[in-house]
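Biologist: I would like to learn how to read a model of this kind, feature by feature, with the general idea before the particular case. Could we put it on the screen and begin?

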Amino acid sequence: MRYFFLICKYIMRETYYLFRSDKPNHKYTMVMPSHNHIHRFGGVKPDGTPYRDYTMLSDKSSNFYEPDKVKRDKIKANYLNRHKNDPKGVHNPSSMSDIILWNKKTLRGGIRDYENKFNVKVVFKDIKLTDTIKKKLLI
């Protein structure tokens, strides 16, 4: 019987959609159709340069790549320490940044952790969110 409930819980997960942000001061936008709202997270400087995150520090093709793992982990620890008192939860941009951008070396790894932590399904669309897509998802 317990197995049945675990399968139902997995099947009945809410689906969220992750896009590149439609706003110039954020990296990503999470669309949550079941709640009829969106959250933006990941900062971008006024000149259009994104603030670094752990996924960028770990990506050899990134301008922010840090080859020294100890230094990378120190930067990660400093970021997480600075934001430890931010509100946390499935709907908090701080949690999205902590888990998706600062938890694993890759965006996909961070997305998997977010899915597991909050029992949701995240569909990553590596495109910029448009008004047309927004209207379609937020009926």
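Biologist: Let me start with a single side chain: does Lys88 count as buried, partly exposed or exposed, and why?

Modeller: Please keep in mind throughout that this is a predicted model. Lys88 counts as partly exposed, because its relative accessibility is 39%.

Biologist: What does the side chain of Lys88 meet in a salt bridge?

Modeller: The general idea is that side chains of opposite charge can pair when their charged atoms come close. In this case Lys88 meets the side chain of Asp98, with 2.4 Å from N to O. The pair links distant parts of the chain, since Lys88 sits in the loop between H3 and H4 whereas Asp98 belongs to helix H4, ten residues apart. Asp98 is buried, because its relative accessible area is 12%.

Biologist: How many salt bridges does the model contain, and which residue pairs with Arg40?

Modeller: The count comes to ten salt bridges. One of them joins Arg40 to Asp22, where the closest N and O atoms are 3.2 Å apart. This pair also links distant parts of the chain, as Asp22 lies in the loop between strand S1 (14-20) and strand S2 (26-32), while Arg40 lies in strand S3, 18 residues apart. Asp22 counts as buried because its relative accessibility is 16%, whereas Arg40, at 22%, counts as partly exposed.

Biologist: Which residues of another such pair involve Lys121?

Modeller: Lys121 forms a salt bridge with Glu115, and the closest N and O atoms are 3.7 Å apart. Lys121 has 35% relative accessibility and therefore counts as partly exposed, while Glu115 is buried, with a relative accessible area of 9%. Salt bridges that share partners also join Asp22, Arg40, Asp131 and Lys134 into one network.

Biologist: Turning to helices, what should helix H3 span, and how far apart are its end C-alpha atoms?

Modeller: Helix H3 covers residues 69-82, and at 1.5 Å a residue its 14 residues should span 20 Å; the end C-alpha atoms are 20 Å apart, so the two values agree.

Biologist: Which residues of H3 are buried, and which are exposed?

Modeller: The general idea is that an α-helix has 3.6 residues a turn, so residues three or four places apart point the same way. In H3 the buried residues are Arg72, Ile75, Lys76 and Tyr79. These four cover an arc of only 100° around the axis, which puts them on the same side of H3. Val70 and Lys74, on the other side of H3, are exposed.

Biologist: What do the buried residues of H3 pack against, and which residue caps its N-terminal end?

Modeller: The buried residues of H3 pack against helix H2 (54-58) and helix H4 (93-101). The N-terminal end is capped by Asp68, which has a side-chain oxygen 3.1 Å from the backbone nitrogen of Val70.

Biologist: Which residues touch the most other members of the largest nonpolar core?

Modeller: As a general idea, nonpolar side chains in soluble globular proteins tend to be buried together. Here the largest nonpolar core has 23 residues, of which Leu18, Met30, Phe41, Ile100 and Tyr114 touch the most other members. At least two residues of this core come from each of S1, S2, H2, H3, H4, helix H5 (107-118) and strand S4 (120-128). Beyond its neighbours within four places in sequence, Leu18 is in contact with several residues, including Met30, Phe41, Ile111 and Phe124. A second, separate core of five residues includes Phe19, Ile38, Leu129 and Leu137.

Biologist: To finish with the backbone, what is the phi of Asn36, and what is that of Asn119?

Modeller: Asn36 has a positive phi of about 60° although it is not a glycine, and Asn36 is found in the loop between S2 and S3. Asn119, likewise not a glycine, has a positive phi of about 50° and is found in the loop between H5 and S4. Asn36 is partly exposed, with a relative accessible area of 46%, and Asn119 is partly exposed with 27%.

Terms used:
Residues are numbered from 1 along each chain as its sequence is written. This is a predicted model: local features need pLDDT of at least 70, side-chain atom pairs count only at pLDDT 80 or more; totals for chains, interfaces and linings use all residues. Side-chain values use heavy atoms; hydrogens and water are left out. The expected span of a helix is 1.5 Å times one less than its number of residues. Buried means under 20% relative accessible area, exposed over 50%, partly exposed in between (1.4 Å probe, protein chains only). The arc is that of the directions from the helix axis to the C-beta atoms. Contact means heavy atoms within 4.5 Å. A polar contact is a pair of N or O atoms within 3.5 Å; within protein, one must be able to donate a hydrogen and the other to accept it, and residues adjacent in sequence count only if both atoms are side-chain atoms. A salt bridge is a side-chain nitrogen of Lys or Arg within 4 Å of a carboxyl oxygen of Asp or Glu. A nonpolar core is a set of buried Ala, Val, Leu, Ile, Met, Phe, Trp, Tyr and Cys residues joined through side-chain atoms within 4.5 Å.
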